[in-house]
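Let's take a walk through a protein chain together. Have the picture handy and follow along as we go.

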Amino acid sequence: MRECIDSVLPQTFKDFEFLTADDGSDDDSVEIVKSYHDNRIRLIQNTHDYIGSLDMLLDEARGKYIARMDADDIMLSGTAVSSV
């Protein structure tokens, strides 16, 4: 979880919200998320319901675009995105 968060926060685009869902994890994920003091991060807690949690995150999102990641995903830095 920490590697995932650490890969997102330093991206060159800074105007984003970082929603993370805890749907009943039994590891230290919640404590890891709470250890960050960044106002872009919002922790949303839900019962253990994967699809329900994803739907809830979509409802909570305020932005125009959404990038979905799992806790073990890493975002590359310095990667240019272009359309072909």
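Where is the place of Asp27? Asp27 sits in the loop between strand S1 (18–22) and helix H2 (29–34). Those labels follow DSSP runs numbered from the N terminus: helices are H or I runs of at least four residues, and strands are E runs of at least two.

Before going on, a word about what you're looking at. This is a predicted model, in which local features need pLDDT of at least 70 and side-chain atom pairs count only at pLDDT 80 or more, while totals for chains, interfaces and linings use all residues. Residues are numbered from 1 along each chain as its sequence is written, and side-chain values use heavy atoms, with hydrogens and water left out.

Now zoom out. The protein chain has three helices and two strands, and reading along the sequence gives you the pattern α-β-α-β-α. Its C-alpha trace spans about 40 × 25 × 20 Å along the principal axes. Of its 84 residues, 26% count as buried. Buried means under 20% relative accessible area, exposed means over 50%, and partly exposed is in between (1.4 Å probe, protein chains only).

Back to Asp27. Because its relative accessibility is 45%, Asp27 counts as partly exposed.

Next, look at S1 itself. In a regular strand, side chains alternate between the two faces of the sheet. S1 pairs with strand S2 (residues 41–45) in the parallel sense, over five bridges; two strands count as paired if DSSP finds at least two bridges between them. In that pairing, Thr20 stands opposite Leu43 in S2.

Time for some charged partners. A salt bridge here is a side-chain nitrogen of Lys or Arg within 4 Å of a carboxyl oxygen of Asp or Glu, and the count comes to four salt bridges. One of them joins the side chains of Glu17 and Arg42 (3.4 Å, N to O). Glu17 lies in the loop between helix H1 (2–8) and S1, and Arg42 lies in strand S2, so the pair ties together parts that are 25 residues apart in sequence. Glu17 counts as partly exposed because its relative accessibility is 27%.

Arg40 and Asp38 also meet through their side chains, at 2.7 Å, N to O. Are these two buried or exposed? Arg40 counts as buried because its relative accessibility is 16%, and Asp38 counts as buried too, at 19%. The side chains of Arg68 and Asp70 form another salt bridge (3.0 Å, N to O). Arg68 is partly exposed, at 43% relative accessibility, and so is Asp70, at 35%. Salt bridges that share partners also join Glu17, Arg42 and Glu60 into one network.

Finish at Tyr65, in the segment after helix H3 (50–60). Tyr65 is exposed because its relative accessible area is 68%. Tyr65 and Gln11 are 54 residues apart in sequence and 15 Å apart in space, C-alpha to C-alpha.
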